[in-house]
Amino acid sequence: HKTPKKIGQGAADVNIALSKYWGKRQVELNLPTNSSLSISLPGLGTHTKIQADKTLQHDCVCLNGKRLKQDDPFAMRLSKFLDFFRETPNTFFDIHTENTVPTAAGLASSASGYAALVLALNDCFDWQLPKKELSLLARLGSGSASRSIYDGFVIWHKGQTENGLDSFAEPIDAPWSEFCIGLLEIDLKAKKVASTTGMQQTVNHCELYQAWPKKAEQDVQAIQQAILQQDFSELGALAENNALSMHATMIATWPPILYWQPESVEAMHMVWALRESGVEVYFTMDAGPNLKLMFLQKDAERIQQAFPALKLIRPFG
Ligand code: PMV
């Protein structure tokens, strides 16, 4: 611990996994059963300011300009995470955090949230930590946050140790200017089953899950290859199949977990119809009903016509 400077600041973008993190081998430390691979979305994320304050009686959390109650689940999760970083048990923090994505709508706001918070802590305490270590700390807040420390394509290595010191993310240095992501917002309400709950239920009560860790590990390797070779057809097919395989394990757990809405399924059929007509577009989905489309810049106009509400993002644009 160094003496904290007055206000620390941090900003991070959300990321979308092309090969998913689904399942924890250790819950407390957010140690995953499998590695994962993502793309960060510039301009969509979180900005956080933090200040350690010895006069406070408890942490004060402001989310998007609104002061949260102490027993608000979002504030409680944040305080539990901040317990790792208090100078004394009675040092509390004043936190102001702004999201440019809807909170808990399957758009991974917890990923940018915990990455931004760790960057703000790094600034506040002047730790000057390397990114690898910031990634490791962000992982403790939310697994996918380990990937939001970086721009572009990112791999989170699952690691093998019990203490998790080898479970962190690293960037893949392979900018791909043609590569586009489209956000198709089906329903922006907060999700009903939190990802940790969903993962635990799947790990413990789904026979199909046995097959997942091996497949996920193979997909990470194959998608990395496709990125390095800029083989879009390969990347799209692998990523869509990976997402559907993850959802298959959720559907096959008991009680079942289905994040999809009828409109999600309708959108999947539209994507498949577009592909049949020769437009190369693929989708991925996380713990929510929204679709994230993958396509190349040359097809952006056709895809935007088919999905007028699509939010277009060019990760390397
Ligand atoms: O980081 P968490 O605990 O919110 O879990 C994220 C899980 C998925 O979004 C479904 C997959 C992923 O790799 O981002």
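The axis of a helix is a line fitted to its C-alpha atoms over the stretch in contact, and angles between axes run from 0 to 180 degrees between N-to-C directions. All of the views below show a predicted model.

**View A. The crossing of helix 1 and helix 2.** Helix 1 comprises residues 73-82, and helix 2 comprises residues 109-124. Their axes come within 12 Å and cross at roughly 40°. Helix 1 is therefore oblique to helix 2, because an angle under 35 degrees would be needed for the pair to count as roughly parallel. The crossing of helix 1 past helix 2 is right-handed. On the side of helix 1, the contact involves Arg77, Leu78, Phe81 and Leu82, which meet Ser110, Tyr114, Leu117, Val118 and Leu121 of helix 2. Sorted by class, this contact has seven nonpolar residues, one polar residue and one charged residue.

**View B. The crossing of helix 2 and helix 3.** The axes of helix 2 and helix 3 come within 8 Å, and the crossing angle is roughly 130°. The two helices are therefore oblique to each other, because only an angle over 145 degrees counts as roughly antiparallel. Helix 2 passes helix 3 in a right-handed manner. Helix 2 contributes Tyr114, Ala115, Val118, Leu119 and Asn122 to the contact, while helix 3 contributes Leu134, Leu137, Ala138 and Gly141. These residues divide into seven nonpolar and two polar, with no charged residue.

**View C. The loop between helix 2 and helix 3.** Asp126 is located in this loop, and helix 3 spans residues 131-141.

View D. A polar backbone atom of Tyr21 is 2.9 Å from an oxygen atom of the ligand. Ser142 takes part through its side chain, where a polar atom lies 3.0 Å from a ligand oxygen atom. At Gly143, a polar backbone atom is 3.5 Å from an oxygen atom of the ligand.

**View E. The packing of helix 5 and helix 6.** Helix 5 is formed by residues 212-228 and helix 6 by residues 232-251. The angle between the two helices is about 160°, and their axes are 9 Å apart. Helix 5 passes helix 6 in a left-handed crossing. From helix 5, the residues in contact are Trp212, Lys215, Ala216, Asp219, Ala222, Ile223, Ala226 and Ile227. From helix 6, they are Glu234, Leu235, Leu238, Ala239, Asn241, Asn242, Ser245, Met246 and Thr249. By class, the contact of helix 5 with helix 6 consists of ten nonpolar, four polar and three charged residues.

**View F. The peptide bond between Trp254 and Pro255.** Is this bond cis or trans? The bond joining Trp254 and Pro255 is cis, with an omega of about -5°. Pro255 lies in the loop between helix 6 and helix 7, the latter covering residues 262-276.

Terms used: Residues numbered from 1 in each chain as written. Predicted model: local features only at pLDDT ≥ 70, side-chain atom pairs only at ≥ 80, totals over all residues. Heavy atoms only, no water. Helix = DSSP H or I, 4+ residues; strand = E, 2+ residues; numbered from the N terminus. Parallel < 35°, antiparallel > 145°, perpendicular 65-115°, else oblique. Left-handed = near helix turned anticlockwise from the far one by under 90°. Contact = heavy atoms within 4.5 Å. Nonpolar A, V, L, I, M, F, W, Y, C, P; charged D, E, K, R; others polar. Polar contact = N/O pair within 3.5 Å; in protein donor to acceptor, adjacent residues only side chain to side chain.
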